[in-house]
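I wrote down each thing as I found it.

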Amino acid sequence: MVNMTPAALRKWLEGEDSQSVGMTSEGEKVTGKGDGEAVGHRMGERILELKAKKQADLDDDDYAAMRKVIGYVHRHIKQRPDGDISDTRWRKSLMNWGHDPLRD
């Protein structure tokens with residue numbers, strides 16, 4: 001489900017758009033960098049950690065994180081809005097989780 005390269009994901013996560021979407025772990029909507037870190041942004045950082053590990057070094061927490069990413073992406077792909085998705089919060093949120101729907 002992660003279709004972004006580590007370099008593309010790192011660049012995305014460092015940008016303002018990435019830090020301006022999603023929800024915090026407290027359930028607050030993120031609309032700007034000052035609103036706190038979104039769960040998806042944090043997971044994007046975790047994805048980069050996982051991508052850097054050798055398969056033999058993955059543990060149960062790593063596999064749980066991967067299952068969480070798969071579940072999130074599957075659920076949110078089904079919520080695709082109509083029309084051009086290029087600049088939508090929906091796409092930006094998915095990209096925080098390492099999935100760019102324009103690459104499908």
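I call two residues in contact when they have heavy atoms within 4.5 Å. I also note that this is a predicted model.

**Entry: Arg91**

I started with Arg91. I found Arg91 in helix 4, residues 89-96. Is Arg91 buried or exposed? Its relative accessible area is 14%. Buried means under 20%, so Arg91 is buried.

Next I looked up what Arg91 touches. I set aside its neighbours within four places in sequence. That left contacts with Ile85, Ser86, Asp100, Pro101 and Leu102. With Asp100 I also found a polar contact, side chain to side chain, at 2.9 Å.

**Entry: the aromatic pair**

I searched for aromatic pairs and got one. Tyr72 and Trp97 form this pair, and it is stacked. The ring centres are 4.0 Å apart, with 10 degrees between the planes. Where do the two partners sit in the chain? Tyr72 is in helix 3, residues 60-77, and Trp97 is in the segment after helix 4. They are 25 residues apart, and the pair links distant parts of the chain.

I checked burial for both. Tyr72 has 10% relative accessibility and counts as buried. Trp97 has 5% and counts as buried too.

**Entry: helix 3**

Helix 3 has 18 residues. From its first C-alpha to its last it reaches 26 Å, close to the 26 Å expected at 1.5 Å a residue.

Which residues of helix 3 are buried? I listed Asp62, Ala65, Val69, Tyr72, Val73 and His76. They cover an arc of only 95 degrees around the axis, so they lie on the same side of helix 3. I recalled a general rule here. An α-helix has 3.6 residues a turn, so residues three or four places apart point the same way.

Then I looked at what the buried residues of helix 3 pack against. I found helix 2 (39-52) and helix 4. The face turned away from the buried side carries the exposed residues Asp60 and Arg67.

I also checked the N-terminal end of helix 3. Asp59 caps this end. One of its side-chain oxygens lies 3.1 Å from the backbone nitrogen of Asp61.

**Entry: Ala8**

Last, I looked up Ala8. Ala8 is in helix 1, residues 6-14. At 34% relative accessibility, Ala8 counts as partly exposed. I then took the C-alpha atoms of Ala8 and Lys78. These two residues are 70 residues apart along the chain, and the atoms are separated by 24 Å.

Terms used:
Residues are numbered from 1 along each chain as its sequence is written. This is a predicted model: local features need pLDDT of at least 70, side-chain atom pairs count only at pLDDT 80 or more; totals for chains, interfaces and linings use all residues. Side-chain values use heavy atoms; hydrogens and water are left out. Helices (H or I, at least four residues) and strands (E, at least two) are DSSP runs, numbered from the N terminus. Buried means under 20% relative accessible area, exposed over 50%, partly exposed in between (1.4 Å probe, protein chains only). A polar contact is a pair of N or O atoms within 3.5 Å; within protein, one must be able to donate a hydrogen and the other to accept it, and residues adjacent in sequence count only if both atoms are side-chain atoms. Rings of Phe, Tyr and Trp (its six-membered ring) pair if their centres lie within 6.5 Å; planes under 30 degrees apart count as stacked, over 60 as edge-to-face and the rest as tilted. The expected span of a helix is 1.5 Å times one less than its number of residues. The arc is that of the directions from the helix axis to the C-beta atoms.
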